[in-house]
Amino acid sequence: MKDAATAEISRVMLWHWVYHGTSTNDGKPTTASLIDRILDEEATKLTKLSPKRLDLRPHNVAYVVPGAALLWFGWKGSNGGSILGANLRAVQAIVVTNISLGGYDDALDIFAAHGVGGMVGNVLTAFFADNRFASFDGSVPINGGFINHNWIQLRYQLADSAAGFGYSFLVTFMLLFAINRISHYHFCSSESDEAIGVDLTQFSEEI
């Protein structure tokens with residue numbers, strides 16, 4: 001996420017330079033065509049480098065370990081703290097979060113992890129929800145799912161997933177449409193970036 005944030009900040013700065021008509025140190029006006037030309041030149045240089053010199057894969061353990069630890073702690077605090085109480089439900093949320101984080105590496109693949117994973121988990125809740133677990137906090141009764149013969153819960157979960165997907169799609173589409181209308185801030189990548197691969201050019205990621 002750090003690389004993604006840096007890329008977005010860089011794009012905003014370039015847009016500001018073009019929008020406000022700034023100039024380079026040698027007096028050249030900063031234009032969209034100038035930036036495109038520089039990016040194409042740099043991309044060409046990268047393609048000519050040998051694989052040994054073009055090693056952009058994350059490798060700094062001193063950054064990776066604290067970053068992963070903070071991510072782990074943050075998700076546990078978020079999910080466990082959402083119960084708003086120190087009870088067995090909070091413990092259960094932390095344990096499930098720990099297992100989930102250990103089973104998937106979300107390298108900016110947001111839809112696969114949160115979209116597909118969330119919808120699948122939401123639907124499966126109708127099958128595996130057990131009213132005994134909800135009582136861990138001592139105050140929240142639920143009807144459970146198929147385990148408790150509450151067959152209608154599947155309809156609720158499907159409706160909830162459809163509503164969440166529809167809302168996310170609509171709001172995301174409107175935001176992207178608005179951003180794409182801003183001058184010099186379009187979403188289309190250059191041909192050189194697409195040839196190299198946007199995972200590498202935008203986020204410095206390799207499979």
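## The loop glycine G145

Leaving out neighbours within four places in sequence, G145 is in contact with A126, A129, N150 and Q153. Contact means heavy atoms within 4.5 Å. G145 sits in the loop between α6 (131-134) and α7 (153-180).

Is G145 buried or exposed? G145 is buried, at a relative accessible area of 0%. Buried means under 20% relative accessible area, exposed over 50%, and partly exposed in between (1.4 Å probe, protein chains only).

## Basis of the model

This is a predicted model: local features need pLDDT of at least 70, side-chain atom pairs count only at pLDDT 80 or more, and totals for chains, interfaces and linings use all residues. Residues are numbered from 1 along each chain as its sequence is written, and side-chain values use heavy atoms, with hydrogens and water left out.

## Overall build

The protein has 9 helices and 0 strands. Its elements run α-α-α-α-α-α-α-α-α from the N terminus on. Helices (H or I, at least four residues) and strands (E, at least two) are DSSP runs, numbered from the N terminus.

Of the 207 residues, 14% count as buried. The protein exposes about 15,400 Å², and carbon and sulfur atoms supply 66% of that area. Accessible areas come from the Shrake-Rupley method with a 1.4 Å probe; for residues, only the protein chains shown count as cover. Take contacts between residues at least 6 apart in sequence: 49% of them join residues at least 24 apart.

## H149 in the α6-α7 loop

H149 also has its place in the loop between α6 and α7. H149 is not a glycine, yet has a positive phi of about 60°. H149 is exposed, with a relative accessible area of 58%.

## A negative surface patch

Which residues gather in a patch of negative charge on the surface? They are D36, D40, E191 and E194. Two elements each give two or more residues to this negative patch: α2 (32-48) and α8 (191-196). E194 belongs to helix α8. E194 counts as exposed because its relative accessibility is 52%.

Patches are made of residues with over 30% relative accessible area and no salt bridge; like charges are joined within 9 Å, nonpolar side chains (Val, Leu, Ile, Met, Phe, Trp, Tyr) within 5 Å. A salt bridge is a side-chain nitrogen of Lys or Arg within 4 Å of a carboxyl oxygen of Asp or Glu. Asp and Glu count as negative, Lys and Arg as positive; His and the chain ends are not counted.

Key
Charge placed at Lys NZ, Arg CZ, Asp CG, Glu CD.
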